[in-house]
Protein chains: 2
Amino acid sequence: MSQPLRLGIAGLGTVGVGVVKIVRKHAALLHARTGRDVVISAVSARSRDKDRGVSLKSYAWEDDPVALATRDDVDVFVELIGGEDGPARDAVAAALAAGKDVVTANKAMLALHGQELALAAEAADRTIKFEAAVAGGIPVIKTLMEALAGNEITRVMGVMNGSCNYMLTRMESAGLTYDQVFAEADGLGYLEADPALDVGGIDAAHKLAILSSIAFGTKVDFAGIELEGIERVSIEDIHAAADMGYKIKLLGVAQITGRGLEQRMQPCLVPDTSPLGQLEGGTNMVVIEGDSIGQVVLRGPGAGEGPTASAVMSDVLDLARGGARGPVFGQPAKDLRTSTPATSQLPAPYYLRMSLDDKPGALAKIAKVLGEAGVSIDRMRQYGHRETVAPVLIVTHKTTPAALGQALSAMAESGVMATSPVALRIEEV
Amino acid sequence: MSQPLRLGIAGLGTVGVGVVKIVRKHAALLHARTGRDVVISAVSARSRDKDRGVSLKSYAWEDDPVALATRDDVDVFVELIGGEDGPARDAVAAALAAGKDVVTANKAMLALHGQELALAAEAADRTIKFEAAVAGGIPVIKTLMEALAGNEITRVMGVMNGSCNYMLTRMESAGLTYDQVFAEADGLGYLEADPALDVGGIDAAHKLAILSSIAFGTKVDFAGIELEGIERVSIEDIHAAADMGYKIKLLGVAQITGRGLEQRMQPCLVPDTSPLGQLEGGTNMVVIEGDSIGQVVLRGPGAGEGPTASAVMSDVLDLARGGARGPVFGQPAKDLRTSTPATSQLPAPYYLRMSLDDKPGALAKIAKVLGEAGVSIDRMRQYGHRETVAPVLIVTHKTTPAALGQALSAMAESGVMATSPVALRIEEV
């Protein structure tokens with residue numbers, strides 16, 4: 001009879017409560033699948049008295065997560081406090097130092113301090129597992145780190161913030177402006193306390209930084225991500241993109257190029273018939289490409305009590321089975337390469353939306369300016385004039401960001417633009 | 001410095017050669033990801049002299065796979081011979097008896113002898129891993145057995161035979177008959193030597209039987225599958241289904257019902273806007289539903305050298321990392337339950353296509369017969385008459401298979417049917 005695996009859970013929000021529920025409800029199933037009992041020794045949260053809809057009476061209580069993390073009756077410290085620093089980081093460091101394995105859903109902490117924590121874990125011959133940190137219930141960490149370990153990974157991309165995807169699809173389906181949808185999402189509790197984490201793309205970028213490290217054997221480099229949120233996405237662009245056969249998604253893309261590691265998190269156009277284009281609402285999707293596998297697409301719930309708790313349990317049960325404690329990011333942290341951040345120089349088609357002064361030759365002038373910058377036009381639509389301006393949509397052939405930037409500068413100086421143009425990359429998926 | 005993990009590979013067809021290529025090309029990467037070298041000690045195949053496009057000179061050769069499986073310098077026996085019995089099964093049994101772990105892509109062997117082999121493996125404290133046996137490169141075994149181990153699985157379904165899906169999508173896109181597409185697929189080498197394995201649904205059913213066992217903790221029960229291939233799917237049905245907003249897919253579904261384990265592999269209609277409906281060509285898709293996760297969808301290449309070799313390597317590298325040798329089907333084979341096969345009694349909507357004699361009251365009679373059997377009509381379309389018959393399409397409301405069977409019998413006796421009706425289940429996905 002094997003010893004039980006004993007958990008200490010810090011943080012009893014939605015996900016923590018979800019984990020407690022699974023451990024209680026599925027005790028027999030978890031035993032059958034791991035050969036041992038999985039039990040909770042102790043829990044910790046800010047408020048002891050809050051009614052969380054689940055009885056915690058049989059678990060020891062610690063006010064201090066560091067005290068929880070270092071208890072003798074805890075084998076695995078489950079960190080669900082959140083926040084890149086503060087108690088979460090302190091408790092994880094304490095747990096590792098005390099010889100505990102760690103399971104966490106904390107993407108911010110890993111994106112910003114992952115290298116340091118991985119070194120600490122590996123020095124202690126312990127590990128940090130974090131399936132729940134990226135794309136909720138979708139098993140993307142396990143897929144990338146284990147299932148595709150025989151592949152050289154060539155590209156990882158995905159829609160990894162359900163709140164943003166909900167907002168963008170809602171703008172289109174209900175014809176609402178960004179501000180209207182923001183207010184709605186905030187009212188429904190879909191946004192983080194600091195909404196910039198969601199709409200600024202920061203949360204999704206944390207996830208991308210983690211995936212990049214595993215995919216490419218590089219140190220987590222959140223600062224190297226070219227980051228833009230969805231705040232500037234307008235209902236006009238959503239409608240215009242749809243008119244050209246595209247959807248606008250907050251898309252993360254990571255790939256190794258000749259210039260270094262390219263990591264982008266930004267609103268992009270994707271074909272409306274592609275799996276990414278058809279992703280609606282709060283669902284997440286991750287696309288992984290490797291030299292042997294070709295492409296694999298994973299789709300599922302990116303957040304919520306059940307899905308995120310399911311991912312936490314994936315890690316807990318791996319530890320319960322007694323598998324090897326592999327390196328935190330798939331290769332020993334000391335061997336991870338420092339990447340050179342590479343702003344994308346890969347050519348891509350672009351979507352341009354602009355309003356021209358309604359005067360003779362304006363469109364010809366723009367076409368000339370684009371041509372002189374080496375940007376060629378694939379498709380162009382001019383819509384009915386509105387008062388004194390003419391709305392124009394252009395889809396370019398593949399062009400480099402440098403050439404596009406040059407074209408945008410020249411357009412600004414052309415004297416025929418009524419407003420600044422909107423330029424969005426079209427991602428080939 | 002850890003000892004290398006030494007492979008013996010039996011079977012040097014497409015997949016075997018793919019594995020050899022990965023081991024050679026990515027030696028450094030595999031070492032970085034597992035902490036040890038992964039090497040090939042010996043290989044075996046029917047013909048030693050065949051040019052396989054990769055040098056095998058540095059590996060020992062065995063004519064007999066049993067001899068290969070039991071060599072002292074082999075830690076993991078990689079079985080890529082295929083076939084449910086014969087040398088594959090003999091060599092796997094010999095490998096386990098000799099204390100080797102086994103990695104295999106052999107779905108037929110596992111579907112028919114999985115329980116016996118799992119008992120043998122667990123008695124020897126060794127394991128059999130088989131990610132490549134189901135859905136090629138898609139990590140469905142790892143997802144079901146590890147990532148979702150905290151879930152009670154409620155339903156597993158999928159399109160798991162790329163050749164059938166290629167044929168069905170090609171019938172629609174090119175307007176070809178079943179016989180035309182069969183000849184084309186056969187000419188392109190897309191079909192097994194015995195094409196019934198593909199078009200009869202047997203190969204896909206092997207895969208479903210394996211997934212069911214893991215999902216529900218039951219002994220593999222291939223014989224309990226309600227099985228129908230795609231041979232009777234006509235271009236008329238594909239067009240008619242499209243006209244009603246559906247695609248026809250060879251869909252496997254497994255779920256536990258009050259009556260036992262329901263396992264079906266049959267042509268079904270799915271909404272053309274669903275992820276399964278949008279799956280084209282040889283790609284596979286598996287949908288897994290669990291009580292915490294909700295639904296997760298995995299999509300990727302279901303066959304081919306690179307993807308299948310990638311899946312074989314997933315298993316090899318798990319063993320290289322030295323993880324625990326878990327039970328073959330996720331729970332100890334001795335504890336797996338014997339399931340009661342349950343032909344589906346769950347109500348579903350059905351698609352009916354029929355030709356009625358072109359005489360007054362024929363349609364009214366059919367409507368009456370359906371009503372008397374308790375089958376209510378959701379949508380009905382009658383098309384322009386062809387000579388003396390009137391083609392009619394009906395989509396029913398949810399009805400039980402029993403009620404539908406009763407309705408079909410009564411329709412046959414109604415005296416107004418020009419031909420036997422086609423009835424296909426509509427799956428809610």
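Me: Which strand of chain A is joined to E12(B), and how many bridges join them?
Reply: In this predicted model, strand E12 of chain A, which covers residues 294-301, is joined to E12(B) by 3 bridges, and the two strands run antiparallel. Within that pairing, Val297(A) stands opposite Arg299(B), a residue of E12(B).

Me: What holds strands of a sheet in pairs, in general?
Reply: Strands of a sheet pair through backbone hydrogen bonds, and the pairing can be either parallel or antiparallel.

Me: OK, back to the two chains, how many residues does each one bring to the contact?
Reply: Chain A brings 48 residues to the contact, and chain B likewise brings 48 residues.

Me: And what area is buried between chain B and chain A?
Reply: About 3700 Å² is buried between chain B and chain A, and carbon and sulfur atoms give 52% of that area.

Me: How many salt bridges and polar contacts does the rule find across that interface?
Reply: The rule finds 4 salt bridges across the interface of chain B and chain A, and it also finds 17 residue pairs in polar contact there, with both residues at pLDDT 80 or more. On the side of chain B that touches chain A, at least two residues each are supplied by helix H1 (14-25), helix H2 (27-34), helix H6 (140-147), helix H10 (202-216), strand E12 (294-301) and helix H12 (305-320) of chain B. Sorted by class, that side of chain B has 23 nonpolar residues, 16 polar residues and 9 charged residues.

Me: Which residue of chain B meets Lys25(A) in a salt bridge?
Reply: The side chain of Lys25(A) meets the side chain of Asp291(B) in a salt bridge, with a distance of 3.1 Å from N to O.

Me: How many salt bridges are there over all chains, then?
Reply: A search of the whole structure finds 58 salt bridges over all chains. Among them is the pair of Arg170(A) and Glu184(A), whose closest N and O atoms are 2.5 Å apart. This pair links distant parts of the chain, with Arg170(A) in helix H7 (residues 162-174) of chain A and Glu184(A) in helix H8 (residues 178-187) of chain A, 14 residues apart.

Me: New topic, what domains does the assignment give for chain A?
Reply: The domain assignment divides chain A into domain 1 (5-133), domain 2 (140-301) and domain 3 (350-426). The centres of domain 1 and domain 2 of chain A, taken over C-alpha atoms, are separated by 28 Å.

Me: How many residues of domain 1 and of domain 2 in chain A are in contact, and what area do they bury?
Reply: In chain A, 10 residues of domain 1 are in contact with 14 residues of domain 2. Between them, these two domains of chain A bury about 960 Å², with 68% of that area on carbon and sulfur atoms.

Me: How many salt bridges are counted between those two domains?
Reply: The count between domain 1 and domain 2 of chain A is 1 salt bridge. The side chains of Lys107(A) and Asp203(A) meet in a salt bridge, at 3.9 Å from N to O. The rule also finds 3 residue pairs in polar contact across the interface of these two domains of chain A, both residues being at pLDDT 80 or more.

Me: Which helix gives the most to the domain 1 side?
Reply: Helix H5 (residues 107-123) of chain A gives the most to the side of domain 1 that touches domain 2, with 6 residues. The residues of that side of domain 1 of chain A divide into 6 nonpolar, 1 polar and 3 charged.

Me: What's the strand order in the open sheet of 6 strands in chain A?
Reply: The order in chain A is E3-E2-E1-E4-E5-E6, with parallel pairing. Strand E3 (60-62) and strand E6 (128-129) of chain A are the edge strands, and each of them pairs on one side only. Strand E2 (residues 38-44) of chain A is joined to E3(A) by 3 bridges and the two run parallel, with Ala42(A) having Ala60(A) as its bridge partner in E3(A).

Me: And which order do the 6 strands of the open sheet in chain B have?
Reply: In chain B, the 6 strands of the open sheet have the order E3-E2-E1-E4-E5-E6, and the pairing is parallel. Strand E1 (residues 5-10) of chain B is joined by 6 bridges to strand E2 (residues 38-44) of chain B, and the bridge partner of Ile9(B) in E2(B) is Val43(B).

Me: Last one, where does Asp125(A) lie, and what is its phi?
Reply: Asp125(A) lies in the loop between H5 and E6 of chain A, and its phi is positive, about 55°, although Asp125(A) is not a glycine.

How values were computed:
Residues numbered from 1 in each chain as written. Chains lettered and ligands numbered in written order. Predicted model: local features only at pLDDT ≥ 70, side-chain atom pairs only at ≥ 80, totals over all residues. Heavy atoms only, no water. Contact = heavy atoms within 4.5 Å. Buried area = accessible area lost by both parts, 1.4 Å probe. Polar contact = N/O pair within 3.5 Å; in protein donor to acceptor, adjacent residues only side chain to side chain. Helix = DSSP H or I, 4+ residues; strand = E, 2+ residues; numbered from the N terminus. Nonpolar A, V, L, I, M, F, W, Y, C, P; charged D, E, K, R; others polar. Pairing = 2+ DSSP bridges. Domains from an automatic or database assignment.
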